[in-house]
Amino acid sequence: MGLWALFTTVTSMVEMVKVGLLRNATIKFIHQPGYNANQKEIQIASLIINIIYTIIIILVLILFGKLLANVLNTPRLYYLLLLSIPLFVLQILYNHCEIV
């Protein structure tokens, strides 16, 4: 039970930061009158930021996931975090479609 709680806490925090970063800025700029002509560029920029953020998170999980698991005294957390990498990749498209 504790392992699952730590896993969902880590992954939820990562996703909340990403969605908060992307959704607020994208919606703000898409609905501002001065940016109506640039909606395509705003959407592309949002997608690029989403991809870059996900790549950074994946690298952090690979490089420092074992350290985090050892600090939290749950060595199996590292393997769960590695298993969540495909989920992060799939959520790029989901989050982008949800925002736009």
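Biologist: Is Leu 59 buried, partly exposed or exposed?

Modeller: Partly exposed: Leu 59 has a relative accessibility of 44%. Keep in mind that this is a predicted model.

Biologist: OK, on to the helices. At what angle do helix 1 and helix 2 cross?

Modeller: Roughly 165 degrees, and their axes come within 11 Å. Helix 1 covers residues 2-30 and helix 2 covers residues 39-71. Angles over 145 degrees count as roughly antiparallel, so helix 1 is roughly antiparallel to helix 2.

Biologist: And which residues make that contact?

Modeller: From helix 1, they include Val 10, Val 14, Val 17, Leu 21 and Phe 29. Helix 2 brings in residues including Ile 42, Ile 49, Tyr 53, Ile 57 and Leu 68. By class, the contact has twelve nonpolar, six polar and one charged residues.

Biologist: What about the hand of that crossing, left or right?

Modeller: Helix 1 passes helix 2 in a right-handed crossing.

Biologist: Next pair, then. How do helix 2 and helix 3 cross?

Modeller: At roughly 150 degrees, with the axes coming within 7 Å; helix 3 is residues 76-83. That makes helix 2 roughly antiparallel to helix 3. The crossing is right-handed.

Biologist: Who's touching whom there?

Modeller: Helix 2 uses Leu 61, Ile 62, Gly 65, Lys 66, Leu 68 and Ala 69, and helix 3 uses Leu 77, Tyr 78, Tyr 79, Leu 81 and Leu 82. The class count for this contact is nine nonpolar, one polar and one charged.

Biologist: What's in the largest nonpolar core?

Modeller: Twelve residues: Leu 3, Phe 7, Val 10, Val 14, Tyr 53, Ile 57, Leu 61, Ala 69, Leu 77, Tyr 78, Leu 81 and Phe 88. Helix 1, helix 2 and helix 3 are the elements that give two or more residues to this core.

Biologist: Take Leu 81. What does Leu 81 contact, leaving aside neighbours within four places in sequence?

Modeller: Phe 7, Val 10, Thr 11, Leu 61, Gly 65 and Leu 68.

Biologist: And Phe 88, buried or exposed?

Modeller: Phe 88 is buried, because its relative accessible area is 2%. The residue sits in helix 4. Beyond its neighbours within four places in sequence, Phe 88 is in contact with Thr 11, Val 14, Glu 15, Lys 18, Thr 54, Ile 57 and Leu 61.

Biologist: How far is Phe 88 from Tyr 53 in space?

Modeller: 10 Å, C-alpha to C-alpha, and they are 35 residues apart in sequence.

Biologist: I also had my eye on a histidine. Where is His 96 found?

Modeller: In helix 4, residues 85-99. His 96 is buried, at 13% relative accessible area. Leaving aside neighbours within four places in sequence, its contacts are Gln 43, Ser 46, Leu 47 and Asn 50.

Biologist: Last one: what's the phi of Asn 73?

Modeller: Near 60 degrees, a positive value in a residue other than glycine. Most residues other than glycine have a negative phi.

Biologist: And where is Asn 73 placed?

Modeller: In the loop between helix 2 and helix 3. Asn 73 counts as exposed, because its relative accessibility is 66%.

How values were computed:
Residues numbered from 1 in each chain as written. Predicted model: local features only at pLDDT ≥ 70, side-chain atom pairs only at ≥ 80, totals over all residues. Heavy atoms only, no water. Axes fitted to C-alpha atoms, helices over the stretch in contact; angles between N-to-C directions. Helix = DSSP H or I, 4+ residues; strand = E, 2+ residues; numbered from the N terminus. Parallel < 35°, antiparallel > 145°, perpendicular 65-115°, else oblique. Left-handed = near helix turned anticlockwise from the far one by under 90°. Contact = heavy atoms within 4.5 Å. Nonpolar A, V, L, I, M, F, W, Y, C, P; charged D, E, K, R; others polar. Core = buried A, V, L, I, M, F, W, Y, C linked by side-chain atoms within 4.5 Å. Buried < 20%, exposed > 50% of the residue type's maximum accessible area, 1.4 Å probe, protein only.
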